[in-house]
Every structure is written in C-alpha cells, then in structure tokens.
Amino acid sequence: MSLRKTLFTRSRSRIVVLLATAAMLTLAMAGCGGSSAAGGSVSWRLAETHPRDFPTTQADIWFADQLRERSNGRIDIEVFPDAQLGEERDVMEQVQLGSVEMTRTNANLVTEFVDSWEAFGIPYVFDDEQHFWNYLNGPGGKSKLAELDQAGYVGLTYYDSGARNFYTAGEPIEKPADLQGQNIRVQPGSLTAEMVDAMGGSSTTMNFSEVYSGLETGVIEGAENNLPSYVSTGHYEVADDITLDRHQRVPEVLMVGEQAWNQLGEQDKKLVRQVAEESTEVQRELWRKEVEKARKTLEDSGVNIHEVDTAKFRESVSGMIDKYDEKFADFVSAVDEARQ
Ligand code: BDP
C-alpha cells in the first residue's frame with residue numbers, strides 16, 4: 001500500500017475514533033450509557049464475511065446460540081454472514097462507532113486500527129499450526145487480544161485460519177522469482193503488500209468480495225488465502241494454480257465494540273468471554289474438517305497444487321522479516337517462547 005493511502009486510512013480511522021468518543025460522551029452525559037445491571041437484555045448484530053456454512057460463521061452461530069440459551073434469551077446475538085453488513089474494513093469502523101456490535105474479522109484487517117497487530121502479518125513468524133496455537137493460547141496471545149482496547153474493541157477469542165498461499169490465474173508460482181510481473185490482490189491494511197513487493201511481485205489492495213471478478217477480468221493475476229477460502233469463494237475456478245508457500249498464519253478474531261460491551265453487567269461479561277473461548281474449540285474442529293474437504297475439492301477439480309520449498313520464499317523476504325522482528329521485538333520474543 002502506498003504511503004499516501006496508509007496516511008489517508010490512518011487519519012480516517014482517527015476521525016472515526018474521535019467520532020466514537022464523542023458519541024460515547026454524549027450518551028454518558030445523557031445518563032443512558034446503555035449500561036444495564038446484570039440481568040438486563042441486549043440484542044446485538046455480529047458481522048461475518050464468510051458464507052453460512054463456513055467454519056468461522058458456524059462458530060459465530062454456535063456462540064450466539066449458546067449465549068441465548070445460557071442467558072435465558074437475555075443475550076440475543078444475530079449473525080449476519082456473507083458480508084451483509086458490509087466489507088470487513090467498513091464493519092471494523094462500524095463496530096468502533098457502535099452501529100454494529102460485534103464482528104469476526106481477520107487479524108490482517110485489524111492493523112489499520114491497532115498498529116501493533118501488524119505483527120501477525122510478519123511472514124513465516126509461526127512454524128506450524130501447533131506453534132501458532134501455543135502462542136495464541138499462551139500469555140502472548142492473551143495480551144495481544146487486550147491491545148484491541150486501544151481502538152475501542154474488546155477481543156474475545158481467536159479462530160483458526162490456517163496458512164495463506166498464493167494462487168494465480170496465469171503463470172504458476174513455483175519460486176519467488178515467478179512473482180515478477182504478477183499483480184497480487186492483498187487484504188486492506190496488511191503487511192502482505194510489502195511482502196509481495198519484497199518477493200518481486202506487485203500488489204493491489206482490494207476487498208474480499210471483489211477478488212473473484214478481479215481474477216476473472218485480469219485486473220489482478222493472483223491472490224492469496226487459505227484453502228477453505230480459496231474454495232468457498234470459487235477463486236479456484238478462475239485461478240487454478242495454487243502454491244503451498246504458507247507465507248503467513250493470520251488468526252481470525254471475534255470482537256465486540258466497547259460501547260456494546262459496557263451494556264453488560266459483570267456476570268454477563270464473564271459468560272460472553274467463557275462461551276467465546278469454548279467456541280474456539282468448535283471452530284478449530286470444523287476448520288480441520290474444512291481443510292480436508294477443500295483439498296479434496298481442489299484435487300477433484302484438477303487444480304494444480306504446487307508444493308514448494310518454503311525456505312526459498314522465506315529467504316526472499318529475510319530483510320523484511322528482520323525489520324519487523326526488530327519493530328515488534330516483544331511480540332517476536334513471545335512467539336519464540338511459544339516454540340518450546
Ligand atoms: C480470509 C479471512 C477473511 C478475510 C479474507 C481476505 O477469513 O476474514 O477477509 O481472508 O483475504 O482468510 O480478505
């Protein structure tokens with residue numbers, strides 16, 4: 001992403017924070033901050049990008065159903081899949097403002113709002129799934145969630161998102177040099193743009209829902225994602241070479257806006273956190289099955305799956321990795337500890 005774009009989006013998010021703060025002050029002064037004593041009722045909307053049958057959405061729904069049941073209907077959350085409430089980035093702003101109460105989003109999308117979350121985009125920072133979850137479930141992962149407070153969010157729990165891989169419509173990518181001349185779609189705000197540039201390609205920031213037509217019309221040559229998203233979006237139909245370079249493992253996160261959160265009494269806050277944590281196990285189990293299913297779909301449809309030497313890809317961005325390892329030294333040392 002260009003510096004201009006970064007500055008523009010950052011200052012926009014700052015304005016949003018100011019607006020949200022002003023709105024909260026107004027409510028507080030009017031003596032109706034929405035805060036209900038324990039036992040009050042809330043009715044919230046939870047925004048989700050993926051379709052209803054996707055593992056993240058199924059976990060959101062499980063979370064909502066359990067909460068409704070365990071609170072005797074007082075905590076009523078409705079899940080809106082398929083980006084019905086807007087693209088992920090816009091939803092993040094709405095959650096800050098309080099016009100949408102909850103969302104499940106990808107950590108790469110959080111970076112525009114909480115700088116320190118950029119760290120999740122450092123290529124190859126996690127060795128594998130086990131290492132990733134050791135970190136997320138440990139003290140590092142917990143304190144990282146708490147950093148969301150800085151931008152008016154309350155982080156509840158993480159969901160799995162596997163590893164991200166390149167896929168292309170034209171020339172396959174078997175080594176970093178194959179990225180030359182390829183324009184790859186990246187998520188808004190993430191470190192991925194810098195990574196693609198460092199590998200020798202070029203990048204375009206685009207919303208998730210625009211990627212299919214971008215690939216079909218040739219606006220972009222490729223994109224990158226995990227296997228279940230590559231399949232559920234149908235991207236594999238228009239970009240049938242996928243490279244298992246596993247450049248990032250970026251968690252999904254379930255969050256509530258601060259204003260909504262403060263409507264809950266202490267007991268209910270505990271309950272929401274508890275049920276959210278339980279929903280992670282549900283999601284991880286669904287995720288494992290979905291990865292297998294996606295792999296089978298790809299094999300059956302004749303997609304070319306390229307196993308590559310990931311060390312070469314890592315090497316091609318070693319300068320970038322060193323730079324961010326230094327910038328996010330605390331994060332990296334917590335990640336290192338999670339390795340043992
Ligand atoms: C998927 C994430 C979704 C992101 C999407 C993207 O689950 O939240 O928005 O990638 O690439 O893996 O935009």
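Which residue forms a salt bridge with lysine 296? Have a look for the partner, then read on; please keep in mind that this is a predicted model.

1. The partner is aspartate 300, and the closest N and O atoms of the pair are 2.9 Å apart. Lysine 296 and aspartate 300 sit four residues apart in helix α12, so about one helical turn separates them. Aspartate 300 has a relative accessible area of 56%. The cut-off for exposed is over 50%, so aspartate 300 counts as exposed.

2. Are the two residues buried or exposed? Both glutamate 88 and arginine 104 are buried.

3. Glu48, Glu88, Arg104 and Glu252 are linked in a network of salt bridges. For the structure, the count comes to 25 salt bridges.

4. Next, the helix packing. Helix α2 (residues 55-70) packs with helix α12 (residues 266-300) at an angle of about 145°, and their axes are 8 Å apart. The crossing of α2 past α12 is right-handed. On the α2 side, the contact includes Trp62, Phe63 and Leu67; on the α12 side, the residues include Val275, Val282, Leu286 and Trp287. By class, this contact has 12 nonpolar, six polar and three charged residues. Among the residues of α2 in the contact are also Gln58, Gln66 and Arg70, while Glu278 and Glu290 are among those of α12.

5. How do the axes of α5 and α6 cross? Helix α5 (residues 129-137) and helix α6 (residues 139-146) have axes that come within 3 Å and cross at roughly 60°. The two helices are therefore oblique to each other. Tyr135, Leu136 and Asn137 of α5 meet Gly140, Gly141, Lys142 and Lys144 of α6. The residues of this contact divide into two nonpolar, three polar and two charged.

6. Asparagine 72 has a phi near 55°, a positive value in a residue other than glycine. Asparagine 72 is placed in the loop between α2 and β2 (75-80), and at 71% relative accessibility this residue counts as exposed. Aspartate 82 likewise has a positive phi near 55° and is not a glycine. The loop between β2 and α3 holds aspartate 82, which is partly exposed, with a relative accessible area of 47%.

7. Glycine 40 and glutamine 263 are 223 residues apart in sequence, yet 8.5 Å apart in space from C-alpha to C-alpha. Leaving aside residues up to four places away in sequence, glycine 40 touches Arg74 and Asp268.

8. Last, histidine 235. You will find this residue in helix α10 (residues 235-238). Which residues does histidine 235 touch, not counting residues up to four places away in sequence? They are Tyr167, Phe208, Val211, Tyr212, Leu215 and Tyr230. Histidine 235 has a relative accessible area of 2%. Buried means under 20%, so histidine 235 counts as buried.

Terms used. Residues are numbered from 1 along each chain as its sequence is written. This is a predicted model: local features need pLDDT of at least 70, side-chain atom pairs count only at pLDDT 80 or more; totals for chains, interfaces and linings use all residues. Side-chain values use heavy atoms; hydrogens and water are left out. Axes are lines fitted to C-alpha atoms, for helices over the stretch in contact, and angles run from 0 to 180 degrees between N-to-C directions. Angles under 35 degrees count as roughly parallel, over 145 as roughly antiparallel, 65 to 115 as roughly perpendicular and the rest as oblique. Contact means heavy atoms within 4.5 Å. Ala, Val, Leu, Ile, Met, Phe, Trp, Tyr, Cys and Pro count as nonpolar, Asp, Glu, Lys and Arg as charged, and the others, Gly among them, as polar. A crossing is left-handed if the near helix is turned anticlockwise from the far one by less than a right angle, and right-handed if clockwise. A salt bridge is a side-chain nitrogen of Lys or Arg within 4 Å of a carboxyl oxygen of Asp or Glu. Buried means under 20% relative accessible area, exposed over 50%, partly exposed in between (1.4 Å probe, protein chains only).
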